[in-house]
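Here are a few notes on the rings and the surface in this model. Have a look at the side chains as you read.

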Amino acid sequence: MDFTIPAHPFYSGVCGFDIELHVWGSFNIVTWTDGSGAVTKEIRNFRFQSTSTAKGTSIRGRSIGPEIRTNDADGTSEVRIMGVVNRHVPGEGMVTMKAGYDLVFIDGDVEVLLDSAGPREDVALICSAFA
């Protein structure tokens, strides 16, 4: 996988200026199905790196970990996300980090965070690193 978003919608919106995001890496998916072939469970192991760039500064990122998605017969799903996201400015050190566990319930377009553990990424620190 290798792609670039010229103005990442979330980070650009929060920070108030365009932040380009370049992501590369890989992931693999292991899928379980029931007797009719419907997907009942997926495990996605991801290994991504990124560069976020704005105002002449670049922040390097690394994301690793698994996601486990369980699909219920009623069409809803639960996703367990475990992993680490670390962002740093080369030569200057860490900007922010997320590590831990999230449990998300999904019903169509609605996503609800049911449980979360571990330090959260501080988006304000990302914005200020570009100052």
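1. Lys55 lies over the face of Phe17, 4.2 Å from the ring centre. Trp32 has a charge over its ring too: the charged end of Lys41, 5.1 Å from the centre. To count, NZ of Lys or CZ of Arg must be within 6 Å of the ring centre and within 35 degrees of the ring normal.

2. Keep in mind that this is a predicted model: local features need pLDDT of at least 70, side-chain atom pairs count only at pLDDT 80 or more, and totals for chains, interfaces and linings use all residues. Residues are numbered from 1 along each chain as its sequence is written, and side-chain values use heavy atoms, leaving out hydrogens and water.

3. How many aromatic pairs does a search of the whole structure find? There are 4, where a pair means Phe, Tyr or Trp rings (six-membered ring for Trp) with centres within 6.5 Å; planes under 30 degrees apart are stacked, over 60 edge-to-face, the rest tilted. Phe10 and Tyr11 are edge-to-face, because their planes stand at 75°, with the centres 5.2 Å apart. Tyr11 is buried at 13% relative accessible area, while Phe10 is partly exposed at 45% (buried is under 20%, exposed over 50%, partly exposed in between, with a 1.4 Å probe and protein chains only).

4. Phe46 and Phe48 make a stacked pair, 5.8 Å centre to centre with 15° between the planes. Phe46 is buried, at 13% relative accessibility. Ring pairs link Phe27, Phe46 and Phe48 into a cluster.
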